[in-house]
Amino acid sequence: LFYNEHLVPCAANNRVKSSGINAEYGEEETKLSSTNQGFQDHYEVDVRCTNIIRGGEALLNLISDVKEALIFKDFPAINQSLVIQKGILESNKELLERECGRIK
């Protein structure tokens, strides 16, 4: 949704800008020297890459937060796991007490 609403019109707008035509007035814009145009294009690519990286990092942080919430706030699953572990430990305790009693 964000891509269709923001990036596609942005890409169309960039094609108009790069063609050297002023869409508002329909006249030719002044051309930059090829060196300056190269620097400007490089800067725009750097800015876009930085924004993509920031967006990716924000998504990773959000995913991490959701995972933590699911793990730490899933009390029924934690309680069930503790009940199972308690049962195993109690059966081991009884087995060890019987073995100790038999050895004495």
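**Figure 1. Burial across the chain.** Of the 104 residues in this predicted chain, buried residues make up 1%. The chain exposes about 9600 Å².

**Figure 2. Order of the secondary structure elements.** The chain has three helices and two strands. Read from the N terminus, the elements run α-β-β-α-α. Helix H2 covers residues 34-72. Helix H3 covers residues 75-103. Strand S2 takes in residues 27-28.

**Figure 3. Confidence along the model.** The mean pLDDT of the chain is 77. A value of 70 or more is reached by 69% of the residues. Where is confidence highest, and where lowest? Helix H2 has the highest confidence, with a mean of 90. Strand S2 has the lowest, with a mean of 46.

Figure 4. Where pLDDT is low, predicted coordinates should not be read in detail.

**Figure 5. Salt bridge between lysine 86 and glutamate 90.** The structure holds two salt bridges. One of them joins the side chains of lysine 86 and glutamate 90, at 4.0 Å from N to O. Both residues belong to helix H3. They are four residues apart, so about one helical turn separates them. Lysine 86 is exposed, with a relative accessible area of 51%. Glutamate 90 is partly exposed, at 41% relative accessibility.

**Figure 6. Salt bridge between glutamate 99 and arginine 102.** The side chains of glutamate 99 and arginine 102 meet at 2.9 Å, N to O, in a salt bridge. Both residues lie in helix H3. Their spacing is three residues, about one turn of the helix. Is arginine 102 buried or exposed? Arginine 102 is exposed, with a relative accessible area of 63%. Glutamate 99 is partly exposed, with a value of 33%.

**Figure 7. A nonpolar patch on the surface.** Which residues form this patch? Leu59, Leu62, Val66 and Leu70 do. Together they have about 400 Å² of accessible area. Leucine 59 is found in helix H2. This leucine 59 side of the view is open: the residue counts as exposed, at 53% relative accessibility.

Figure 8. How many disulfides does a search of the whole structure find? The search finds zero. Cysteine 49 is partly exposed, with a relative accessible area of 38%. Cysteine 100 is also partly exposed, with a relative accessible area of 45%.

Note on methods
Residues numbered from 1 in each chain as written. Predicted model: local features only at pLDDT ≥ 70, side-chain atom pairs only at ≥ 80, totals over all residues. Heavy atoms only, no water. pLDDT = per-residue confidence, 0-100. Buried < 20%, exposed > 50% of the residue type's maximum accessible area, 1.4 Å probe, protein only. Patch = residues over 30% accessible without salt bridge, like charges linked within 9 Å, V, L, I, M, F, W, Y side chains within 5 Å. Areas by Shrake-Rupley, 256 points an atom, 1.4 Å probe, with all protein chains shown as cover. Disulfide = S-S within 2.5 Å.
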